[in-house]
Amino acid sequence: MEIKYKIWIDENSELVFGRGRNDILQALNEEHSLNAAAKKLRMSFRGAWGRIKVSQERMGIKLITISDNHRTSQLTQEARAISARFEKLEKDMEKLIREADQDFEKLICNREK
């Protein structure tokens, strides 16, 4: 038995940020190129850019900067902060879920059959 969950940020029922967006940012941070990040994640450049663009519009902040020659990209300070906080939120939730999972395991598996 296992508790399942998924975390995302939305506004007015529209996705603003979540695991997929964060994966794109993390890959971009490693690859320094949105195209390379998209390839690493096995998605199209257009798909990756579209998700980032939507998140930027919904948040009202820039998440990435693109070099003048359009060959390299990097995360903005805001994107780094959002990504780090999202990672911490997921780790905190994983710990909470693990503890709850153990509690439920004891409660459910120790009952008389």
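**Close-up views of the predicted model**

**View A. Asn 12 in the loop between strand 1 and strand 2.** Asn 12 has a relative accessibility of 71% and therefore counts as exposed. The model shown in this and the following views is predicted. The residue occupies the loop that joins strand 1 (8-11) to strand 2. Although Asn 12 is not a glycine, its phi is positive, at about 55 degrees.

**View B. Arg 42 in the loop between helix 2 and helix 3.** A positive phi of about 60 degrees is found at Arg 42, which is not a glycine. Arg 42 belongs to the loop between helix 2 (34-40) and helix 3. With a relative accessibility of 80%, Arg 42 counts as exposed.

**View C. The aromatic pair formed by Phe 17 and Phe 86.** One aromatic pair is found in a search of the whole structure. The ring centres of Phe 17 and Phe 86 are 5.3 Å apart and the ring planes stand at 85 degrees, so the arrangement is edge-to-face; an angle over 60 degrees places a pair in this class. Because Phe 17 lies in strand 2 (residues 14-18) and Phe 86 in helix 4 (residues 77-109), the pair ties together parts that are 69 residues apart in sequence. Both Phe 17 and Phe 86 are buried.

View D. When its neighbours within four places in sequence are left aside, Phe 17 is in contact with Trp 8, Ile 9, Asn 22, Leu 25, Met 59, Ile 82 and Phe 86. The C-alpha atoms of Phe 17 and Gln 56 are 9.4 Å apart in space, while the two residues are 39 residues apart in sequence.

**View E. The crossing of helix 1 and helix 3.** The axes of helix 1 (residues 19-31) and helix 3 (residues 45-59) come within 10 Å and cross at roughly 110 degrees. Helix 1 is therefore roughly perpendicular to helix 3, and the crossing of helix 1 and helix 3 is left-handed. On the side of helix 1, the contact involves Arg 21, Ile 24 and Leu 25; on the side of helix 3, it involves Ala 48, Arg 51, Ile 52, Val 54 and Ser 55. Five nonpolar, one polar and two charged residues make up this contact of helix 1 with helix 3.

**View F. The crossing of helix 1 and helix 4.** Helix 1 and helix 4 have axes that come within 10 Å and cross at roughly 125 degrees. Helix 1 is therefore oblique to helix 4, and helix 1 passes helix 4 in a left-handed crossing. Helix 1 contributes Arg 19, Asn 22, Leu 25, Gln 26 and Asn 29, which meet Ala 79, Arg 80, Ser 83, Phe 86, Glu 87 and Glu 90 of helix 4. The residues of this contact of helix 1 with helix 4 comprise three nonpolar, four polar and four charged.

**View G. Glu 2 and Ala 100.** Glu 2 is located in the segment before strand 1. At 56% relative accessibility, Glu 2 counts as exposed. Glu 2 and Ala 100 are 98 residues apart in sequence, yet their C-alpha atoms are 9.6 Å apart in space.

Terms used
Residues numbered from 1 in each chain as written. Predicted model: local features only at pLDDT ≥ 70, side-chain atom pairs only at ≥ 80, totals over all residues. Heavy atoms only, no water. Axes fitted to C-alpha atoms, helices over the stretch in contact; angles between N-to-C directions. Helix = DSSP H or I, 4+ residues; strand = E, 2+ residues; numbered from the N terminus. Parallel < 35°, antiparallel > 145°, perpendicular 65-115°, else oblique. Left-handed = near helix turned anticlockwise from the far one by under 90°. Contact = heavy atoms within 4.5 Å. Nonpolar A, V, L, I, M, F, W, Y, C, P; charged D, E, K, R; others polar. Phe/Tyr/Trp six-rings, centres within 6.5 Å; stacked < 30°, edge-to-face > 60°. Buried < 20%, exposed > 50% of the residue type's maximum accessible area, 1.4 Å probe, protein only.
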